[in-house]
Amino acid sequence: MTDVDTAHAVLQSGLVPRGTRVEVFDTIFTVFLVLGTAVGVVVIGYMLYNGYKYRDGVEREEVKKADADRPTLGELPTGGGGGRKLFLSFALSTIVVVSLVLWTYATLLYVEGGAQAQPQDPIDVEVVGIQFAWRFTYENGHQELGTLRVPEDRAIRLNVTSDDVFHNFGAPALRVKTDAIPGQRTTTWFIGEDPGTYQAKCYELCGVGHSSMNADIVVMEPAEYEEWYASTGGETNDTANESASLVGARGVSPV
Ligand SMILES: [Cu+2]
């Protein structure tokens with residue numbers, strides 16, 4: 001089996017969560033929360049149990065028995081059963097940690113879109129960061145500044161770059177975020193599950209207008225989107241140019 005086959009088999013096994021980025025990151029969160037809570041309950045529970053068992057001022061038989069193998073001051077504890085407890089706890093921790101690392105890695109490979117994991121039939125959008133706005137270019141050449149319209153339940157592949165300085169395009173609610181670097185193209189994707197308007201922001205300090213470098217991601221009903229998209233017709237629309245000149249007219253100079 002080649003590496004690609006192995007990766008493919010792992011992805012097909014159902015072990016790696018598939019779906020939208022929101023689902024994938026929610027799964028990672030839940031797995032870590034449940035495991036972390038379980039470990040916490042065991043550790044704190046065992047500590048409280050021993051604290052209670054060996055509490056002061058109780059003279060029961062079992063306590064006397066336990067007293068027999070309790071280390072005294074200045075003596076090193078020998079551990080239960082010749083280090084078996086120690087070995088078991090190390091082995092368990094190693095298994096849990098290594099499994100988590102591998103599982104998280106495979107999961108993140110999927111969201112980062114390896115060759116085997118690209119979302120099916122995506123819509124490509126070019127995203128360009130400019131001081132201080134986001135310009136979106138659709139497959140038909142239509143451009144818009146500050147608003148990205150997408151149909152719901154469809155993978156959107158973002159090809160992100162910058163026209164000037166480092167920016168970073170991110171929309172927390174859609175769990176999407178990637179660098180926008182001049183001369184380079186980074187690719188990421190997301191799926192909008194529910195119609196609505198989501199906020200995208202710049203996450204790389206890029207100059208005095210950075211904090212207002214926002215964009216709206218409008219997730220639309222597919223029919224509504226198709227109608228809007230058909231109406232764009234491939235021309236560069238005027239609002240983009242107007243907004244671009246507005247940015248210049250604000251008198252914000254590059255830093
Ligand atoms: Cu910025």
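Author: A residue is called buried when its relative accessible area is under 20%. The model examined here is predicted. At 0% relative accessibility, Phe169 therefore counts as buried. Trp134 likewise counts as buried, because its relative accessibility is 0%.

The aromatic pairs come to a count of 9. One of them joins Trp134 to Phe169 in an edge-to-face arrangement, with 5.0 Å from centre to centre and 80 degrees between the planes. This pair links distant parts of the chain, since Trp134 belongs to strand S2 (residues 133-137) and Phe169 to strand S6 (residues 167-171), 35 residues apart. A further pair is formed by Trp228 and Tyr229: their ring centres are 6.3 Å apart and their planes stand at 45 degrees, so this pair is tilted. Both Trp228 and Tyr229 are buried.

The ring of Trp189 has the charged end of Arg21 over it, 5.7 Å from the ring centre. In the case of Tyr52, Arg55 lies over the face of the ring, at 4.0 Å from its centre.

Definitions and conventions. Residues are numbered from 1 along each chain as its sequence is written. This is a predicted model: local features need pLDDT of at least 70, side-chain atom pairs count only at pLDDT 80 or more; totals for chains, interfaces and linings use all residues. Side-chain values use heavy atoms; hydrogens and water are left out. Rings of Phe, Tyr and Trp (its six-membered ring) pair if their centres lie within 6.5 Å; planes under 30 degrees apart count as stacked, over 60 as edge-to-face and the rest as tilted. Helices (H or I, at least four residues) and strands (E, at least two) are DSSP runs, numbered from the N terminus. Buried means under 20% relative accessible area, exposed over 50%, partly exposed in between (1.4 Å probe, protein chains only). A charge sits over a ring if NZ of Lys or CZ of Arg is within 6 Å of the ring centre and within 35 degrees of the ring normal.
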